[in-house]
Amino acid sequence: MTDDTKKPFNLNMHTARLLMREPFFAALSRRIDKIASTAIPTAGVRVNPDSAQFEMLYNPEFFESLSDTHRQGILKHEFYHLIFEHVTGRKPTGGLKRLDNVAMDLAINSHIANELPNENEPGPVIGNGEPMKACIPGEGPFAKYPLFQTYEWYKAKIEEDQEE
């Protein structure tokens, strides 16, 4: 007799795997509430407006569709938003706009580009029917952007490019 019921996605198993490989993220991860939600397409972090605690919202279907390498990369990506204070001290006063998110992603993904869906190894199909690809300096529409710049640098560069 076999059990054909599908087990729900368990983020804890993948988070634990990351923490064993890279203990730097362990203390931070313990301070983040992780909440499954299909209301978002991928994942994101925020400060909960009611509890003032860090939260990571994640779509379990999206995470389940990723390779182990990409799962680890997405977890690190979300943790880096907290490390780089993108949702606290450096959050724009008028709130986050798409431009801010792209610029923040470029700053983060410079450090973890080989762990994310990219031009050579796209991720799952989401939203618009295209395979997911991370915003990575030196690739795709950001081919002329250098690695390892700050969120503010990438934001200014994108705005400059849009004016041209």
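Helix H5 (98–112) gives the lining of the largest pocket its largest share, 7 residues. The model is predicted: local features need pLDDT of at least 70, side-chain atom pairs count only at pLDDT 80 or more, and totals for chains, interfaces and linings use all residues. Residues are numbered from 1 along each chain as its sequence is written, and side-chain values use heavy atoms, with hydrogens and water left out. Helices (H or I, at least four residues) and strands (E, at least two) are DSSP runs, numbered from the N terminus.

**Largest pocket**

- The largest pocket holds about 1200 Å³ of space. A pocket is found on a 1 Å grid over the protein atoms alone, as an open set of points where a 1.4 Å probe fits, with protein on both sides within 12 Å along at least five of seven lines. Grid points are joined across faces, edges and corners, and the volume is the space filled by probe spheres set on the points.
- The lining has 42 residues, of which Arg98, Asn101, Asp105, Lys133 and Cys135 are the closest to the pocket centre; a lining residue has an atom within 4 Å of a point.
- Two or more lining residues come from each of S2, H4, H5 and strand S5 (130–131).
- By type, the lining has 23 nonpolar, 10 polar and 9 charged residues. Nonpolar here means Ala, Val, Leu, Ile, Met, Phe, Trp, Tyr, Cys and Pro, charged means Asp, Glu, Lys and Arg, and the others, Gly among them, are polar.

**Helix H5**

- H5 has 15 residues and spans 21 Å from its first C-alpha to its last, close to the expected 21 Å at 1.5 Å a residue. The expected span is 1.5 Å times one less than the number of residues.
- H5 is largely enclosed by the rest of the structure, because 11 of its 15 residues are buried. Buried means under 20% relative accessible area, exposed over 50%, and partly exposed in between (1.4 Å probe, protein chains only).
- The buried residues of H5 include Asp100, Asp105, Asn109 and Ser110.
- These buried residues pack against H4 and helix H6 (151–163), where contact means heavy atoms within 4.5 Å.

**Nonpolar cores**

- The largest nonpolar core has 28 residues, and Leu11, Met56, Tyr58, Phe63, Ile74 and Phe79 touch the most other members. Such a core is a set of buried Ala, Val, Leu, Ile, Met, Phe, Trp, Tyr and Cys residues joined through side-chain atoms within 4.5 Å.
- Elements that each supply at least two residues of this core include helix H1 (11–21), strand S3 (54–58) and helix H4 (68–83). H4 gives the largest share, 5 residues.
- A second, separate core of 11 residues includes Ala103, Met104, Tyr145 and Tyr154.
- Leucine 11 touches Lys34, Met56, Tyr58, Phe63 and Leu75, not counting residues up to four places away in sequence.

**Loop residues**

- Alanine 52, in the loop between S2 and S3, is exposed, with a relative accessible area of 57%. Alanine 52 has a positive phi of about 60° although it is not a glycine.
- Glutamate 85 lies in the loop between H4 and H5 and also has a positive phi of about 60° without being a glycine. Its relative accessible area of 39% makes glutamate 85 partly exposed.
- Most residues other than glycine have a negative phi.
- Threonine 88 is found in the loop between H4 and H5 and is partly exposed, at 36% relative accessible area.
- Leaving aside neighbours within four places in sequence, threonine 88 is in contact with Val47 and Phe54.
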